[in-house]
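My entries follow in the order I made them.

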Amino acid sequence: MADRLRVVLADDHYLVREGTRSLLEDTGQVDVVATAADADQLRTAVAQHHPDVVITDIRMPPTHSTEGIQAAHEIRRKFPDTGVVALSQYVDGGYALELFKNGTDGLGYLLKERIGDLDELLAAIQAVADGGSTIDPRIVEALVQSRADAANSPLRHLTARELDVLREMAQGKNNAGVAAALHLSESAVEKHVSSIFLKLGVVEDSQISRRVAAVLTYLEDEPSAS
């Protein structure tokens, strides 16, 4: 059996923190080696335990703004082998942009409601532990919807069919899923995906990271939320 992933969990709400710990450890795939109630405790725990993955709330004391994102950037810089999954209760594109502003590798962004979907949460943990990335499909879809018609959006370079494919990708579907939804062949979807990557200037990377970047690239000119 593969070794369990070692996780540090940060959330300022005790019940959320302990409930999430219990859910994760009950899967038999994760060991929560430490918990933290704020960003300073999180930094200390990571330095002490060197976990595979950190799961952190975005808004924590003292200001309840972007402490989790700031900690994520610092952790990725100091401990590049540690992945970070940021959790938020808000469908906020600005948080996603801020989290991924220096790159997507080893970073994930999920809505807190995904805590109850263990398969989704475990997939995100494994993705960032492997150096990949993930973003909640609901957040991506909201970003696509809000920016698709903007005059300065790079999406204007995409054909109608490519935009359809991107929307399906935003829902977390792989090429087979996109093909089924749009009644296309998988080879046709592969061509559209390659064209999307090219037009949005997405560089070679793991497939998961490229799909995240394909949606985030066109948002570069959009101011981040504060």
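**Surface and make-up.** I computed an accessible surface of about 10600 Å² for the protein chain, of which 48% belongs to carbon and sulfur atoms; the areas come from the Shrake-Rupley method with a 1.4 Å probe, and for residues only the protein chains shown count as cover. This is a predicted model, where local features need pLDDT of at least 70 and side-chain atom pairs count only at pLDDT 80 or more, while totals for chains, interfaces and linings use all residues. Residues are numbered from 1 along each chain as its sequence is written, and side-chain values use heavy atoms, with hydrogens and water left out.

I found 10 helices and six strands in the protein chain. These are DSSP runs numbered from the N terminus (helices H or I, at least four residues; strands E, at least two). Of the 226 residues, 49% are buried (under 20% relative accessible area; exposed is over 50%, partly exposed in between; 1.4 Å probe, protein chains only).

**Helix H2.** I listed the buried residues of H2 as Ala39, Leu42, Ala45 and Val46. They line one face of the helix, because they fall within an arc of 120 degrees seen down its axis (directions from the helix axis to the C-beta atoms). They pack against S1, S2, S3 and H3. The face turned away from the buried side carries exposed Asp40, Thr44 and Gln48. Just after H2, I noted a positive phi of about 50 degrees at His50.

**Asp57.** Is Asp57 buried or exposed? I put Asp57 down as buried, because its relative accessibility is 6%. Asp57 lies in strand S3 (residues 53-57). Its side chain makes a polar contact of 3.2 Å with that of Lys112 (a pair of N or O atoms within 3.5 Å; within protein, one must be able to donate a hydrogen and the other to accept it, and residues adjacent in sequence count only if both atoms are side-chain atoms). Leaving aside neighbours within four places in sequence, I found Asp57 in contact with Ala10, Asp11, Asp12, Gly68, Leu87 and Lys112 (heavy atoms within 4.5 Å).
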